[in-house]
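User: I would like to go through this protein chain with you, one local feature at a time. Please define each term when it comes up.

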Amino acid sequence: MELGLIKIAEDSDFQHFRRIIDNHDDWELNYARDDTKVWTKCVPGIDFKMVKLVTVFDDVSPNVMYDVLHDPEYRRVWDKHMIEAHDIGYLNPNNDIGYYAMSCPVPLKNRDFVLQRSWLDMGTEQIIMNHSVNHKDYSEKPNYVRGISYITGYLIRPKGNSGCFVGYASQTDPKGTLPSWMVNKVTTIFAPKVLKVLQKASQGYPTWKANNNPAFKPWFFPEQITVPRITAEDCGAVVRKAAATALEPVPKSINDQQQSLSNQNSSKDADSSSTDEPMPFSCVPGIRFSFKFFTKSRRKSKKLDEAANACKPASDAKGKQKKGK
């Protein structure tokens, strides 16, 4: 699907995403352990690499995984970094337009996205994918940076008696001034941890759903859709520069990064510092990880400095005693 293009997803669009998951040509394998593998791939004209993950959950069925990725009410339970998310309207029973906002660590500004989501359930295979679009009622907000999803999605297949294969791929630009090298590197390191968050959420879903409107599944039953129907005329160009993003201070090197973090204002953002869980993959893998990674490095360095300073008085006292003798 072309960036900013609003249309009903066709078979060729789903086949294209399937090839991304299954074809590993020109991909660099960055991580492999047990059934989990992570690849990255450079795409001409885009600084941020495409990332791809595959794994197997032996204790999660394909239908449960599919429901977890769809269910908007349950996402409020397991996605700890979501500030706001809702459907804007639907194009047809398998394509909709939605808004998603997520918290980011200080000093990074929060991100938001306007996305067209498309899905297909073929029984033996299920695909959910999205890309960024625009909507006349959802212009860029002053306190957010509008991110871009070129393509992001999941492919789910049965595995074994009761498990599932999960393939995930994303090419995302968080915009602002966050360095691409930071996102590219840290996303690869932390990607497997994000899958654990998704697996844990899926394990708890059947019990939660049984007590929370169990019959409500508009992704299966179109008659349950409550948002209005919309057309492509409600959407416009998505790629544009916002002056506000230039105000976001993000250093270009690791040393500058650590120095900057030490000079930041100590005020805390309740949304961005309320949890240490890694951000679940939705459309922007790596944003929270990048700053969390360097923040932890800075904290560790600070602790070592404090320990060294605590030893100085004792060392100085011993030195003075020897000098007096």
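User: Is Gly153 buried or exposed, and at what relative accessibility?

Analyst: The model is a predicted one, in which local features need pLDDT of at least 70 and side-chain atom pairs count only at pLDDT 80 or more, while totals for chains, interfaces and linings use all residues. Residues are numbered from 1 along each chain as its sequence is written, and side-chain values use heavy atoms, with hydrogens and water left out. Gly153 lies in strand 9, residues 148–159, where helices (H or I, at least four residues) and strands (E, at least two) are DSSP runs numbered from the N terminus. Because buried means under 20% relative accessible area, exposed over 50% and partly exposed in between (Shrake-Rupley method, 1.4 Å probe, only the protein chains shown counting as cover), Gly153 counts as buried, at 1%.

User: How far apart in space are Gly153 and Arg18, C-alpha to C-alpha?

Analyst: Along the sequence, Gly153 and Arg18 are 135 residues apart. In space, their C-alpha atoms are separated by 9.8 Å.

User: Which residues of helix 2 are buried?

Analyst: Helix 2 covers residues 62–70, and eight of its nine residues are buried, so this helix is largely enclosed by the rest of the structure. The buried residues are Pro62, Val64, Met65, Tyr66, Asp67, Val68, Leu69 and His70.

User: What is the C-alpha to C-alpha distance between Val56 and Gln199?

Analyst: Val56 belongs to strand 3, which spans residues 46–57, and with a relative accessible area of 16% Val56 is buried. Val56 and Gln199 are 143 residues apart in sequence, and their C-alpha atoms lie at a distance of 9.7 Å.

User: Which residues gather in a patch of negative charge on the surface?

Analyst: A patch is made of residues with over 30% relative accessible area and no salt bridge, with like charges joined within 9 Å and nonpolar side chains (Val, Leu, Ile, Met, Phe, Trp, Tyr) within 5 Å; a salt bridge is a side-chain nitrogen of Lys or Arg within 4 Å of a carboxyl oxygen of Asp or Glu. Lys and Arg count as positive and Asp and Glu as negative, His and the chain ends not being counted, and the place of a charge is NZ of Lys, CZ of Arg, CG of Asp or CD of Glu. The negative patch on the surface consists of Asp34, Asp35, Asp58 and Asp59.

User: What is the phi of Asp34?

Analyst: Asp34 is found in the loop between strand 1 (28–33) and strand 2 (36–43), and this residue is exposed, with a relative accessible area of 74%. Most residues other than glycine have a negative phi. Asp34 is not a glycine, yet its phi is positive, at about 55°.

User: Where is Asn213, which also has a positive phi?

Analyst: Asn213 is not a glycine, and its phi is about 50°. At 48% relative accessibility, Asn213 counts as partly exposed. Its place is the loop between helix 4 (180–210) and helix 5 (254–263).

User: What is the omega of the cis peptide bond that joins Val106 and Pro107?

Analyst: Pro107 is found in the loop between strand 5 (95–102) and strand 6 (110–121). Most peptide bonds are trans. The bond joining Val106 and Pro107 is cis, with an omega of about 10°.

User: How many disulfides does a search of the whole structure find?

Analyst: Cys42 counts as exposed at 58% relative accessibility, whereas Cys164 is buried at 0%. With a disulfide taken as a pair of cysteine sulfur atoms within 2.5 Å, the number found in the whole structure is zero.
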